[in-house]
Amino acid sequence: MKDLQTRSALPKIDFLYLSEEDMIRAGVTDMPACVDCMEEMFALLHHGDYRMAGPNSDSHGAMVTFPENSPFPSMPKPTADRRFMAMPAYLGGSFGTAGVKWYGSNIANRDKGLPRSILMFTLNDADTGAPLAYMSANLLSAYRTGAVPGVGARHLARKDSRVVGIFGPGVMARTALAAFIAACPGIDTVKVKGRGQKSLDAFIAWVRQTYPQVTTIEVVDDIEQVVRGSDIVTYCASAEVGRPGDYPLVKRDWVAPGTFLAMPAATNFDAGMEAPGIRKVLDNTGLYEAWYEEVPKPAHVHIPLIGVKFMDMIAAGAMDRSALEDLGAIVAGAAPGRQSEDEIVMMSVGGMPVEDVAWGTVLYRNALERGIGVPLNLWSEPALR
């Protein structure tokens with residue numbers, strides 16, 4: 001298998017364009033394969049064979065923000081989820097590629113019939129920097145995000161897990177559930193809370209069509225019922241950032257022994273969940289350390305993930321950094337996975353551009369092997385050297 005652009009063909013550079021339909025044909029929705037890909041990526045993170053942006057090489061990315069009051073009438077307003085972000089990374093191992101996801105987002109897109117976020121990803125040769133592919137990235141991003149809770153479940157959920165509790169029945173909930181089922185094939189019950197009937201109906205129809213093994217789907221009235229009696233819990237709902245007291249809450253009294261909680265969205269938790277007996281796992285500690293340095297304090301006000309709250313707790317002396325565990329170390333076998341049937345594990349999922357590089361590389365190589373996509377020419381010879 002050879003890349004579209006090989007060094008022997010230089011200085012000519014061709015690259016592959018992959019539309020969303022091309023990405024589907026290349027396997028972007030193959031969740032079991034994506035979970036395997038993310039697991040391989042996490043082992044590389046543990047061994048250090050990667051780089052992201054920022055001083056500690058672990059930054060989520062660089063974001064353009066807009067002022068509340070601008071003298072320029074055409075400048076975008078800082079409305080909910082209004083952002084532009086570049087998320088670059090390099091990943092070694094069997095991947096050996098670099099790339100950047102360009103992220104545009106505006107919650108008002110939904111009124112236009114568009115997704116909230118519109119994403120593109122560029123994959124690059126790690127030696128020359130030449131483009132290998134330019135690809136639609138909404139599904140790429142959604143599936144790699146959902147796969148991370150699945151990696152966590154593979155190592156930290158009970159093997160006999162049957163009941164999944166979900167708050168927020170959107171795209172993230174679908175991909176997280178797909179990953180949970182890939183990791184724990186005995187799942188047969190889903191409890192879900194949503195804010196609107198339309199999203200609930202769409203989610204339920206998708207579950208019934210995609211996973212007939214899920215014989216019980218229960219719509220619950222509040223997040224307490226989402227958590228109580230669930231083997232695996234995930235919060236996937238968007239929330240207004242700025243008031244942690246209003247973020248969706250997890251209370252210790254709701255959580256049964258043996259529960260695995262994977263949280264890729266806004267979440268808060270009570271003092272009972274702060275207890276040392278609750279295992280606290282991060283997808284990458286350096287990611288949260290970078291975030292903590294980049295925003296005002298307390299950081300959880302600005303970034304509503306539980307991993308950022310862990311950083312606030314460490315700064316306040318309420319928790320020692322040694323209490324945090326990295327998923328990469330667990331995947332690599334340097335730290336234990338689940339140690340007992342009764343232990344409770346709470347994992348923060350932040351999302352990293354190395355995930356896009358990993359899954360994007362796999363899909364690019366699939367596309368080459370299957371003859372998918374449109375070859376495009378950058379130049380036959382560069383006009384400037």
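1. Helices here are DSSP runs of at least four residues and strands are runs of at least two, numbered from the N terminus. With that in hand, look for Asp 283 in this predicted model: it sits in the loop that joins strand S15 (279-282) to helix H7 (285-294).

2. Is Asp 283 buried or exposed? Asp 283 is buried, and it has no salt bridge. Arg 144 is the nearest side chain of opposite charge, 7.5 Å away. A salt bridge needs the charged atoms within 4 Å.

3. What does the side chain of Asp 283 reach instead? The backbone nitrogen of Gly 351 is 3.4 Å from a polar atom of the Asp 283 side chain. Beyond its neighbours within four places in sequence, Asp 283 also has contacts that include Phe 42, Leu 45 and Val 148.

4. Now for the largest nonpolar core, which has 115 residues. Met 38, Tyr 235 and Phe 260 touch the most other members. Helix H2 (residues 31-47) gives the largest share, 10 residues. Leaving out residues up to four places away in sequence, Met 38 touches Arg 144, Val 148 and Trp 359, among others.

5. There are 8 aromatic pairs in the whole structure. Phe 84 and Trp 102 are stacked, with 6.0 Å centre to centre and 10° between the planes. Phe 84 belongs to strand S4 (residues 83-91) and Trp 102 to strand S5 (residues 97-105). Phe 84 counts as partly exposed because its relative accessibility is 26%. Ring pairs also bring Phe 66 into a cluster with Phe 84 and Trp 102.

Methods:
Residues numbered from 1 in each chain as written. Predicted model: local features only at pLDDT ≥ 70, side-chain atom pairs only at ≥ 80, totals over all residues. Heavy atoms only, no water. Buried < 20%, exposed > 50% of the residue type's maximum accessible area, 1.4 Å probe, protein only. Lys, Arg positive; Asp, Glu negative; His and termini not counted. Polar contact = N/O pair within 3.5 Å; in protein donor to acceptor, adjacent residues only side chain to side chain. Contact = heavy atoms within 4.5 Å. Core = buried A, V, L, I, M, F, W, Y, C linked by side-chain atoms within 4.5 Å. Phe/Tyr/Trp six-rings, centres within 6.5 Å; stacked < 30°, edge-to-face > 60°.
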